[in-house]
Amino acid sequence: MAQFEQLFEATQDHPEVQVLTLVRALPDQVQSVGEMLLLYPDGRSDGCLIDQNFTDEVLRHLQEQVWQGPRLLEFAEGKQQVFWDKWLDRRKAVVLGGGHISQPLVQFLAQLDFDVTVVDDRPDFANEARFPEAQRVVCNSFAQGITDLQSEMNDQTAVVIVTRGHRYDLECLRKILAIPVGYLGMIGSKRRVREIVHLLVEEGFSPALLQKVYAPIGIDLGGAMPAEIALSIAAEIIAVFNQGSLRFLTQTGKAEHHE
């Protein structure tokens, strides 16, 4: 099977496959340039770079590395180079609650190429006419909606709790906390958030687990309109996934995004 066909097949069942490609080799190894090594989330590998000895050297080197985005790995003082990339699943967003903030939030997230699902138990708030940009709109109880979506959630998933009330926020948080998603945010005042956190700690939830919840949700843009709040939530999600600094570019010294 051709290597690209092999890669395509691997990504169908394993959305997060690491791909290592030999891009530079010693003069007597140039025939191996372009060879690929696939690494699966369960630790298995498929393929070979030059030979088993060099493949093992690359694997040992990877054990000491932390994934921070695509980059070049160098061996033999740069005479051998391997490009390290990761095939990531498309980012997903689950918006729990179909209220006035959810509408602009879904629009923003869809424009940011998230696969968005909206869940609400009210037919008037959970319908495709209200959320034309969403991939799915689920009209069901929050608990059942989360249960049905749980198997699709992973570290590339953002979950936003923007329900219509305290009772529903709690219901969602109890279900979501056990799922290892990439971002979890919940709307609410500081007082309301404190009350919910206190209650969940009393129920036995780990305080460390609760500290991973972004609540009150969003970054401070100084706005209070639904679209402004939605924008602050979308910006926070992007900053978390992209490890952004949340600082003005005029303060970071980084290059501009565009000319």
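The model is predicted: local features need pLDDT of at least 70, side-chain atom pairs count only at pLDDT 80 or more, and totals for chains, interfaces and linings use all residues. Residues are numbered from 1 along each chain as its sequence is written, and side-chain values use heavy atoms, without hydrogens and water.

**Salt bridges**

- Side chains of opposite charge can pair when their charged atoms come close.
- The whole structure holds nine salt bridges (a side-chain nitrogen of Lys or Arg within 4 Å of a carboxyl oxygen of Asp or Glu).
- Asp120 pairs with Arg122, with 3.0 Å between the closest N and O atoms.
- Asp120 is buried, at 0% relative accessible area (buried means under 20%, exposed over 50%, partly exposed in between, with a 1.4 Å probe and protein chains only).
- A salt-bridge network links Asp120, Asp121, Arg122 and Arg164.

**Around helix H6**

- Arg192 forms a salt bridge with Asp169, at 2.3 Å between the closest N and O atoms.
- Arg192 lies in helix H6 and Asp169 in helix H5, so this pair ties together parts 23 residues apart in sequence (helices are DSSP runs of H or I, at least four residues; strands are runs of E, at least two; both are numbered from the N terminus).
- Both Arg192 and Asp169 are buried.
- Arg191 and Glu195 also form a salt bridge, 2.7 Å from N to O.
- These two residues, Arg191 and Glu195, sit four residues apart in helix H6, about one turn.
- Glu195 is partly exposed, at 37% relative accessibility.

**Gln156**

- Gln156 lies in the loop between helix H4 and strand S9.
- Gln156 is buried, at 11% relative accessible area.
- Beyond neighbours within four places in sequence, its contacts include Glu16, Leu88 and Phe241 (contact means heavy atoms within 4.5 Å).
- The C-alpha atoms of Gln156 and Arg90 are 7.3 Å apart, though 66 residues separate them along the chain.
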